[in-house]
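Biologist: Please take me through one part of this model in detail. I would like a close look at a charged residue and its surroundings, then the rest of the picture around it.

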Amino acid sequence: MSAQPARPIPATIAAVVRDGHILLVRRANPPDQGRWAFPGGKIEAGERLEEATARELFEECGVRAQPLRVFDAVDVFDHDDHGALRRHYILVAVLCRWQAGEPVAGDDALDARWVSLAELDGQALATSFGVADIARKAAALAAAAGIL
């Protein structure tokens, strides 16, 4: 009888749009180590989604932003070398309005920077699965809200 993986892990990702750019970090740890993704992380017990988003954003790259609204959710499956499921994350995407700070890699990021949407379209960066699609959704919402 094989061991069952733990329950899905709820986490948040911050989609911060500023001047036609999206904030991304280069992941230092699995899953997707070395790939560009949104800053974010696990939601702690008793922590509101908005609080987790703002906390993880600041811890990971030193940027402060106001969480505005949830706009997407994605599954991320972390498999071992044999294909067995190690972890299942449910990432809740939150649109955020930049308030202060310039990105500096911290916590579990190798790098952090503003990336143009055109750069994502050109696939010049090795990104985590779905990053470009979520970035486009965030940019459209930000434009509609007048924060692009």
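Modeller: A residue counts as buried when its relative accessible area is under 20%, and as exposed when that area is over 50%. The model is predicted. Take Arg 27, which is found in strand S2. Arg 27 has a relative accessibility of 14%, so Arg 27 counts as buried.

What does Arg 27 touch, leaving out residues up to four places away in sequence? The list runs from Asp 32, Gln 33, Gly 34 and Arg 35 to Ala 37, Phe 38 and Gly 40. Glu 60, Asp 108 and Leu 110 complete the list.

Asp 108 pairs with Arg 27, and their closest N and O atoms are 3.8 Å apart.

Asp 107 is exposed, because its relative accessible area is 55%. Beyond residues up to four places away in sequence, Asp 107 touches Glu 56, Glu 59 and Glu 60. Glu 60 is also on the contact list of Arg 27. Asp 107 and Glu 50 lie 57 residues apart in sequence, and their C-alpha atoms are 19 Å apart.

Now the other salt bridges. The count is 13. Arg 55 and Glu 47 meet through their side chains at 2.7 Å, N to O. Arg 55 counts as buried because its relative accessibility is 19%. Glu 47 has a value of 16%, so Glu 47 is buried too.

Asp 72 and Lys 137 form another salt bridge, with the closest N and O atoms 2.6 Å apart. This pair also links distant parts of the chain: Asp 72 is in strand S5, Lys 137 is in helix H3, and they are 65 residues apart. Asp 72 is buried, because its relative accessible area is 18%. Lys 137, at 41%, counts as partly exposed. Elsewhere, shared partners join Glu 44, Glu 47, Arg 55, Glu 56 and Glu 59 into one salt-bridge network. Glu 56 and Glu 59 are among the contacts of Asp 107.

Next, the nonpolar side. The largest nonpolar core has 26 residues. Those with the most contacts inside this core are Ile 22, Leu 24, Phe 38, Phe 71, Leu 95, Leu 120 and Ala 138. Two or more residues each come from S1, S2, strand S3 (36-37), strand S5 (64-79), strand S6 (85-100) and helix H3 (131-144). H3 gives the largest share, six residues.

Ala 138 shows the packing. Apart from neighbours within four places in sequence, Ala 138 is in contact with Ala 15, Val 17, Ile 22, Phe 71 and Leu 95. Another core lies apart, with 14 residues, among them Cys 61, Ala 65, Val 92 and Val 94.

Asp 19 sits in the loop between strand S1 (9-18) and strand S2 (21-27). Asp 19 is exposed, because its relative accessible area is 58%. Its phi is near 50°, a positive value in a residue other than glycine. Most residues other than glycine have a negative phi.

Terms used
Residues numbered from 1 in each chain as written. Predicted model: local features only at pLDDT ≥ 70, side-chain atom pairs only at ≥ 80, totals over all residues. Heavy atoms only, no water. Helix = DSSP H or I, 4+ residues; strand = E, 2+ residues; numbered from the N terminus. Buried < 20%, exposed > 50% of the residue type's maximum accessible area, 1.4 Å probe, protein only. Core = buried A, V, L, I, M, F, W, Y, C linked by side-chain atoms within 4.5 Å. Contact = heavy atoms within 4.5 Å. Salt bridge = Lys/Arg side-chain N within 4 Å of Asp/Glu carboxyl O.
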